[in-house]
Amino acid sequence: MGSALAGANPTVMAHLPGGFAVIGDVQFLPGYCVLLTDRPGTRRLSDLPRSERVRFLDSMSVLGEAVETVCADHDPGFRRVNLEILGNTDDFLHAHVWPRFDWEPPDVVTRPVWLHDRRNWSDPATALGPQHAQLRAALTSTITALAAGT
């Protein structure tokens with residue numbers, strides 16, 4: 001969050017009213033994104049005043065719709081988007097936006113993404129990189145259009 005506030009986080013795609021839309025560091029499910037709060041010291045949704053909670057949740061929905069739109073356009077195996085606010089590891093408010101696909105392993109395709117093989121989170125083959133530039137550009141333009149109400 002600090003690097004996003006400083007304008008130095010290379011994964012930031014857009015600054016929405018409720019936080020920063022960033023593309024995930026891992027892309028084993030292509031299109032994975034995170035909404036980071038832009039309010040330092042905010043650990044959980046309930047730390048925000050109600051009006052700011054609404055902005056965060058609305059921004060999460062915009063990011064989710066963008067991921068859904070882009071992933072459905074780019075992969076015929078797209079199923080749906082999972083939206084999660086967990087906070088079990090990182091102690092700041094953030095929301096995960098996970099695209100889900102028919103081609104995922106059968107034992108996890110209908111279950112929480114966290115049941116995927118743990119190696120997916122550290123595999124260099126699925127780390128965010130230049131090969132995701134087109135996906136990132138599509139996400140960024142879709143987020144911008146949705147946030148503008150177009």
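Predicted model: local features only at pLDDT ≥ 70, side-chain atom pairs only at ≥ 80, totals over all residues.
Residues are numbered from 1 along each chain as its sequence is written, and side-chain values use heavy atoms, with hydrogens and water left out.

What does Asp102 pair with in a salt bridge? Its side chain meets that of Arg79, at 3.0 Å from N to O. (A salt bridge here is a side-chain nitrogen of Lys or Arg within 4 Å of a carboxyl oxygen of Asp or Glu.) The pair ties together distant parts of the chain, 23 residues apart: Asp102 sits in the loop between strand E5 (94-101) and helix H3 (133-147), and Arg79 is in strand E4 (residues 78-84). Those element names come from DSSP runs numbered from the N terminus, with helices (H or I) of at least four residues and strands (E) of at least two. Arg79 is partly exposed too, at 39% relative accessibility.

## Other salt bridges

Back at Arg39, salt bridges with shared partners join Asp38, Arg39 and Glu52 into one network.

Asp38 is in the loop between strand E3 (33-36) and helix H2 (50-74). With a relative accessible area of 9%, Asp38 is buried. The Asp38 side chain makes a polar contact with the side chain of His15 at 2.6 Å and another with the side chain of Arg39 at 2.4 Å. (For a polar contact, take a pair of N or O atoms within 3.5 Å; within protein, one must be able to donate a hydrogen and the other to accept it, and residues adjacent in sequence count only if both atoms are side-chain atoms.)

Arg39 lies in that loop between E3 and H2 as well. At 26% relative accessibility, Arg39 counts as partly exposed. Its C-alpha atom is separated by 9.2 Å from that of Leu5, 34 residues apart along the chain.

## A cavity and a pocket

How many cavities of 30 Å³ or more are there? The search gives one, and the largest cavity holds about 30 Å³ of space. On a 1 Å grid over the protein atoms alone, a cavity is a set of points where a 1.4 Å probe fits but cannot get out; a pocket is an open set with protein on both sides within 12 Å along at least five of seven lines, and lining residues have an atom within 4 Å of a point. Points are joined across faces, edges and corners, and a volume is the space filled by probe spheres set on them. Asp38, Arg39 and Glu52 turn up in the lining of the largest cavity, along with Pro17, Gly18, Thr37, Leu48 and Phe56. By class, that lining has three nonpolar, two polar and three charged residues. (Ala, Val, Leu, Ile, Met, Phe, Trp, Tyr, Cys and Pro count as nonpolar, Asp, Glu, Lys and Arg as charged, and the others, Gly among them, as polar.)

The largest pocket has a volume of about 530 Å³. Its lining takes in 22 residues, and the closest to the pocket centre are Tyr32, Val34, Asp90, His94 and His96. Strand E2 (19-23), E3 and E5 are the elements that give two or more residues to this lining. Sorted by class, the pocket lining has 11 nonpolar, eight polar and three charged residues.

## Cysteines

Searching the whole structure turns up zero disulfides. Cys33 is in none, and the nearest cysteine sulfur, on Cys71, is 7.7 Å away; a disulfide would need a pair of cysteine sulfur atoms within 2.5 Å. Cys33 counts as buried at 0% relative accessibility, and Cys71 is buried with a relative accessible area of 2%.

Methods. Buried < 20%, exposed > 50% of the residue type's maximum accessible area, 1.4 Å probe, protein only.
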